[in-house]
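Dear colleague,

Please find below the structure that I am handing over to you, with its sequence. My findings follow it, arranged by element.

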Amino acid sequence: MEDNEFYKILVNRYINKQLSDEELELFVQLTKEGKLDDHLLAAMSKEGDISESDQEDYDRQTKTKRLWYKLTAAAVVLVTLSVGLYSYFNHNIIAGNKQSVYAKQDAEPGGDKATLTLADGTEISLTDAGNGQIAKQAGVAITKNASGQLVYTVVETGKKEMAYNTITTPRGGQYQVNLPDGTQVWLNAASSIKFPTSFANASNRKVELKGEAYFEVFKNKKLPFIVVTDKQEVEVFGTHFNINSYDDEASVKTTLLEGSVKVSLLNGGNKETSRFLKPGEQASIEYQTRSLKIGKANIDQVMAWQKGYFHFEGDDLQSVLRQLSRWYDVDVVYQLSHNDDEFMGDIPRSVKLSEVLKILEFGGVHFKIEGKKLIVTK
Amino acid sequence: MTTYSILSDQELRTKLVIGDEYAFAELYQRYSAAILGFVKKFVHSADLSEDLTQEIFIKIWQCRSKLADVQSLKAYLYIVARNHTLNSLKKAFRSEVAMSEVVNSFVEERNSTEDELLSKEYYDYLHNALAQLSPRSREIFKLCREQGKSYDEVATALGISRNAVKNHMVASMKILRTAVEKDLGISLGVILVMLLK
């Protein structure tokens, strides 16, 4: 008897639960060795009604590059569709006797708000500014384009002095800026980035960050791109990464999506330790212990803000509320001793605070909004 | 959500791609029983089948961006299930602990009444092949037939995270859906609250 003949019968008898102990023993061994793969796959495909074209379709998708984190219009569509669904649901749910507890006081979600501070100290509100040229200084034209992004264009060269601009987002704000070298930066709420208006005569591209931002650095092998935060310096050449450096969190977290990054722990401005990150890894510098650790990143969790939603995965109440306070611009006041809840799930950042709180209340905590205060009670 | 149960597979797929968690809950509602049945047909252990089914759905969710151009959501789901089942079965057989789970579940459900007539050639091949197995491997099989291990040991051996998180995630989605149907909340976020003692 041919191997294949035997295998076919054996696999069928396995599926039909007919194998004797002896046959079962052989089945286990052959499966381990991979000799029954083809027959098992064929049997499974038949059972699952999988055709050849289905298989081809599948093979095609798994070869496709991950489109998740590329800057495309899809990111904008996500939020829009979510908002669309939101109103769809509102019409379709039978109105019960629901008096919103938050009818009088609520907090609007954040939006594209930021302030640009020029080298000479002039402050321009980017929120209110119309599209088109906002400022021209030190040989650089700063324009707000139709999508609301800030774009830097070098107009005249020849200026030797380094002039710096700072873009600051308030609580409840976020902004996207294209730096003079083409690097794109998404700033989260309560953050700021300080950068030179032109990299023309620089030996590197150095920027200072407070808070959180996601970077897609324009590839330039000759000019390393350096991001400095309070305890850390990150050096890259052409990459996509996220830095979370809020000082009310326990550590600075740098997460690499694509490319390569060198993370250094700073001690009084000097580099103490340096490590390289590979895509999918996260470097974490704890403020208290000043230790630099590298681990696997949870990309969904890290990038959720940039894609327009909060992603909680086992976060405790305090961590959840810190994120909410930055986005909704409220101060949290705790009126309960402790809370052990862990929260899991995704919420779009575009909904009002009251909607978020309604869900969190499933955990048994209660909330009250009083002006800018978010009060948490048992 | 009754509104989601009327969506076609194609419409559901579109929502999954953009990360709509209600769509995931509907996908689970729509296909988990069938996938469970499918997996069990090849794995025989009910416990293991449940865990593998959950892993399959989680895989689909984690790689949801790959659904973008897929023609048949159902076929895609079965392909992921098929691949994961085969890989897990092979992995199980490489572990003594997990092997006994599958083997003993098989034996429990064995259809000895439906004995087909097998040819002499079949038996000759069988005995020949068995004779070539190493004594150690024959001993292992004999031992695993005699003893069963707790399923927790099996899960540990296979690296299946039977942690409450994952089980709650899927179970809670069903609860939340029911709650929403009863008008408890209007939100796109599927928030699952786990209370730890």
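This is a predicted model: local features need pLDDT of at least 70, side-chain atom pairs count only at pLDDT 80 or more; totals for chains, interfaces and linings use all residues.

Chain B has 197 residues, of which 38% count as buried. Among its contacts between residues at least 6 apart in sequence, 69% join residues at least 24 apart.

Helix α3 of chain A

I begin with α3(A), which covers residues 37-47 of chain A. Helix α1(A), residues 3-15, packs with α3(A): their axes come within 9 Å and cross at roughly 50 degrees. An angle of that kind makes α1(A) oblique to α3(A). The crossing of these two helices is right-handed. On the α1(A) side, the contact is made by Tyr7(A), Lys8(A), Val11(A) and Ile15(A); on the α3(A) side, it is made by His39(A), Leu40(A) and Ala43(A). Sorted by class, the residues in this contact are five nonpolar, one polar and one charged.

α3(A) also packs with a helix of chain B, namely α5(B), residues 73-93. Here the axes are 10 Å apart and the angle is about 145 degrees. This crossing, of α3(A) and α5(B), is right-handed. From α3(A), the residues Asp37(A), Leu40(A), Leu41(A), Met44(A) and Ser45(A) take part; they meet Arg82(B), Thr85(B) and Leu86(B) of α5(B). By class, four of the residues in the contact of α3(A) with α5(B) are nonpolar, two are polar and two are charged. Leu40(A) is named in the contact with α1(A) and also in the contact with α5(B).

Which residues of α3(A) are buried? They are His39(A), Leu40(A), Ala43(A) and Met44(A). These residues cover an arc of only 130 degrees around the axis, and therefore lie on the same side of α3(A). Their packing partners are α1 of chain A together with α3 (21-43) and α5 of chain B. After α3(A) comes Asp49(A), with a positive phi near 60 degrees.

Helix α2 of chain B

In chain B, helix α2(B) spans residues 9-17, and its buried residues are Leu12(B), Arg13(B), Lys15(B) and Leu16(B). Viewed down the axis of α2(B), they fall within an arc of 165 degrees, so they line one face of the helix. These buried residues pack against α3 and α5 of chain B. Both of those helices of chain B are also packing partners of the buried residues of α3(A). Just after α2(B), Gly19(B) takes a positive phi of about 90 degrees.

Helix α6 of chain A

Helix α6(A), residues 299-307, has Val302(A), Met303(A), Ala304(A), Trp305(A) and Lys307(A) as buried residues. It is followed by Gly308(A), whose phi is positive, near 100 degrees.

Most residues other than glycine have a negative phi. Arg290(A) is not a glycine, yet its phi is positive, at about 55 degrees. The loop that holds Arg290(A) lies between β18 (281-286) and β19 (292-296) of chain A. Is Arg290(A) buried or partly exposed? Arg290(A) is partly exposed, because 14 other C-beta atoms lie within 10 Å, and a buried residue needs 20 or more.

His44(B), likewise not a glycine, has a positive phi of about 70 degrees. The place of His44(B) is the loop between α3 and α4 (46-62) of chain B. With 23 C-beta neighbours inside 10 Å, His44(B) counts as buried.

A pair within chain A

Lastly, Gln184(A) is in strand β9 of chain A, residues 184-187. Gln184(A) has 17 C-beta neighbours inside 10 Å and so counts as partly exposed. In sequence, Gln184(A) and Phe218(A) are 34 residues apart, while their C-alpha atoms are 7.6 Å apart in space.

With kind regards

Conventions
Residues are numbered from 1 along each chain as its sequence is written. Chains are lettered from A and ligands numbered from 1 in the order in which they are written. A residue is buried if 20 or more other C-beta atoms lie within 10 Å of its own, exposed if 12 or fewer, and partly exposed in between; C-beta atoms are placed from the backbone. Helices (H or I, at least four residues) and strands (E, at least two) are DSSP runs, numbered from the N terminus. Two residues are in contact if their C-beta atoms, placed from the backbone, lie within 7 Å. Axes are lines fitted to C-alpha atoms, for helices over the stretch in contact, and angles run from 0 to 180 degrees between N-to-C directions. Angles under 35 degrees count as roughly parallel, over 145 as roughly antiparallel, 65 to 115 as roughly perpendicular and the rest as oblique. A crossing is left-handed if the near helix is turned anticlockwise from the far one by less than a right angle, and right-handed if clockwise. Ala, Val, Leu, Ile, Met, Phe, Trp, Tyr, Cys and Pro count as nonpolar, Asp, Glu, Lys and Arg as charged, and the others, Gly among them, as polar. The arc is that of the directions from the helix axis to the C-beta atoms.
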